[in-house]
Amino acid sequence: MLKISNLHKSYPIGNTSLHVLKGINLDVEDGEMVAIMGSSGSGKSTLLNIIGMLDEADSGDYILDKLPIKDLTEKKAAVYRNKFLGFIFQSFNLINYKNALENVALPLYYQGMKRKQRQEEAMFHLGKVGLKDWAHHLPKELSGGQNQRVAIARALAANPKLLLADEPTGALDTVTSYEIMEFIQQLNDEGKTILIVTHEEDIANMCKRIVRLRDGIIMEDKFVEQVRAKQNV
Amino acid sequence: MFDTDLWREIFQSINKNRTRSLLSGFTVAFAILLFTILFGIANGLNNTFDEAFGTDASNSIIIFPGRTTKAHKGLQVGRRIQFRNPDHDYIKEEFGEKVQFITSKVMKNVTASFRGEQNNYEVRAVNPDYMFIENNKIKEGRYINQNDIDKKAKVIVIGKVVDEDLFLKTTALGKQINLSGISYKVVGVFTDDEGLNEENVIYMPLTTAQLVYGKNDEIDFMHLTYDPEMNYDEALSFGNLLTKKLKERFSVARSDQRAIRVRNMAAGKKAISQMTFGLGVIILVIGFGTLIAGIVGISNIMIFIVKERTKEIGIRKALGASPKSIVSIILIESVIITTIAGYFGLLIGTGILKLVGPSLKEYFIKDPSVSTSLVIGATITLILAGTLAGYFPAKNASQIKPIVALRND
């Protein structure tokens, strides 16, 4: 599914540059659920952003579903993001003037799907996250957990190959966090490949594999016994 | 452009972000409103100006006789110059084609009465050409013609005001009217764009007045227009030549300024055209000033809007929006707002001009108005400026990496 080799990334800071990723090698197979851990500044979010084509690597190879991701034009990157990737952000990143249904339908709009079909599809995904009755509410009328579920429904709407979650529970309390993780585990059970960036051990332990980053390199990469979120709710 | 989903997106964005839409709309509407009102007022001033300088033929020359102030060729100082019919013919012969219309004039004040109504008026005894020089318009009947001159007919043409004064219950045309004891037939009624004072006048054939008032062939003064094809310099030199010839004819010293006075409107015409030009420049400055203010306003708002929408742009890009769709959604939205707001500004502006316009007349502003095409042009300029001003930030926003746009701040 995903193959990364010798990936480097630096950010210019004033006259010097900050070397954030110093040669990352990572293989992820179909159906995996991987937690990327590390303290802040370890480069975990940068890695996720590069995988999500939201950011570009300076050097190294990145192959997604047998497709080399390199020197993409903005247009092409947009198409790939739409086709391959679903994003879940810490701060939900819903469009505040669109209701839940419209937010979920947005990636389908960019796929060029007809309006009616789009809405049916979006409603189906909202139903999957249990928010059918909230379809016509604006983000500000929903709780944090509900908003994140809308975001998950949106990430799923385009039927992506890879789901990328950046601290998906970072803005939520423990109970809600576990509810969200339960959803994500269900999605993985159905075969979706998922990458989660987190700095919380309990969240990481709900994945099947933990990759630890420190100072831009992978310190540890191990498979773990998955803790089911449901037991903890 | 005709993607209904795109339009739905845009209208939703306008509708759901009302404060933003209203604010940017307000700026444009206000700019167009100011533009309309200022331009209207400037046009009103221009109208007043046009009216003040009247509709008399501007290529005209008036020749007044006076008394000599210098002895010349053995003739005394203080000699009175008197024009006579041959002088009129002399000018016609001497200058030929260069003279467009010419009339001699005899003035007289009379008391006119008709069936008990009575009033005092000025009589101007003239040649038929006078109608063209004064730019009179015949309302009823006819003007004085050559036949009247030849026959010394006792006919008159009266101004609209005279008609209204004396002929309360009946029409004036064909009626006999008494002017200081002598009866004349009314053959026409005229109007004059210059207003009531010029319509409070009675015209009579020159020869009739000369006969009736015992003037023989004497003339009070002469009024002529020159070939309108002449330019300013030609007109001036024509006036100078005319003066010189007349002075020679009456044996007046060349340096004598009082004996024969020739008032050439060409000199004034130049001043008028300069003033009109000046006014035009002021109007242009006002117009461009307001437009530039509007352009600056809409540009600032576009930059602000793009800044405000950075996060939304980031989200859309993460979900697969192409840079082109980002740019078009921002620009089309701004064009729609600008167009609607510009239209409202135009409506309100012309509405205000219509409402307060009439009461501004005493401030030298007459019929303040703007042509619709001008305001539409101004609105289109603003739309283009807004599009241009919005394009670059929108383009930049569409190029930024989604991660930058999405970064929590």
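Q: At what angle do the axes of helix α12 and helix α13 of chain B cross?

A: The axes of α12 (residues 323-356) and α13 (residues 372-399) of chain B cross at roughly 155° and come within 8 Å. An axis here is a line fitted to C-alpha atoms, for helices over the stretch in contact, and the angle runs from 0 to 180 degrees between N-to-C directions. Helices (H or I, at least four residues) and strands (E, at least two) are DSSP runs numbered from the N terminus. This is a predicted model, in which local features need pLDDT of at least 70 and side-chain atom pairs count only at pLDDT 80 or more, while totals for chains, interfaces and linings use all residues. Residues are numbered from 1 along each chain as its sequence is written, and chains are lettered from A and ligands numbered from 1 in the order in which they are written.

Q: What does that angle make α12(B) and α13(B) to each other?

A: Angles under 35 degrees count as roughly parallel, over 145 as roughly antiparallel, 65 to 115 as roughly perpendicular and the rest as oblique. α12(B) and α13(B) are therefore roughly antiparallel.

Q: Which residues make the contact of α4 and α5 in chain A?

A: Let's take the geometry before the residues. α4 (residues 115-128) and α5 (residues 144-157) of chain A have axes that come within 9 Å and cross at roughly 130°. That makes α4(A) oblique to α5(A), and the crossing is right-handed. From α4(A) come A:E121, A:A122, A:H125, A:L126 and A:K128, and from α5(A) come A:A153, A:L156 and A:A157. Two residues are in contact if their C-beta atoms, placed from the backbone, lie within 7 Å. By class, there are five nonpolar, one polar and two charged residues.

Q: In what order do the strands of the open sheet in chain A run?

A: Strands of a sheet pair through backbone hydrogen bonds, either parallel or antiparallel. Pairing is counted if DSSP finds at least two bridges between the strands. This open sheet has four strands in the order β2-β1-β4-β5 (chain A), with antiparallel pairing. Its edge strands, β2 (16-28) and β5 (67-68), each pair on one side only. Inside the sheet, β1 (residues 2-13) and β4 (residues 59-64) of chain A pair over five bridges. You can find A:L2 opposite A:L64, and A:S5 with A:D61 as its bridge partner.

Q: Which residue takes a positive phi in the hairpin of β4(A) and β5(A)?

A: These strands pair over two bridges in the antiparallel sense, and A:L64 stands opposite A:L67. Two residues lie between the strands, and A:D65 takes a positive phi near 50°.

Q: Is B:K73 buried or exposed?

A: A residue is buried if 20 or more other C-beta atoms lie within 10 Å of its own, exposed if 12 or fewer, and partly exposed in between, with C-beta atoms placed from the backbone. B:K73 counts as exposed because it has 7 such neighbours. It sits in the loop between β1 (60-65) and β2 (83-84) of chain B, with a positive phi near 50° although it is not glycine. B:S251 also has a positive phi, of about 50°, in the loop between α9 (232-249) and β12 (260-264) of chain B. With 14 other C-beta atoms within 10 Å, B:S251 is partly exposed.

Q: Where is A:I184, and what does it touch?

A: A:I184 lies in helix α6 (residues 174-189) of chain A and is buried, with 24 C-beta neighbours inside 10 Å. Not counting residues up to four places away in sequence, A:I184 touches A:A165 and A:I194. A:M33 is 151 residues from A:I184 in sequence, yet their C-alpha atoms are 9.2 Å apart.

Q: What covers the buried residues of α2(A)?

A: Those residues of α2 (residues 74-84) are A:A77, A:A78, A:R81, A:N82 and A:F84. Their cover includes β4, β6 (85-88), α3 (100-111) and β7 (162-166) of chain A together with α11 (310-318) of chain B.

Q: How many residues of chain A are in contact with chain B?

A: There are 21 of them, facing 18 residues of chain B. α2 and α3 of chain A each supply at least two residues of that side, and α2(A) gives the most, with six. The side of chain A that touches chain B divides into 11 nonpolar, five polar and five charged residues.

Definitions and conventions: A crossing is left-handed if the near helix is turned anticlockwise from the far one by less than a right angle, and right-handed if clockwise. Ala, Val, Leu, Ile, Met, Phe, Trp, Tyr, Cys and Pro count as nonpolar, Asp, Glu, Lys and Arg as charged, and the others, Gly among them, as polar.
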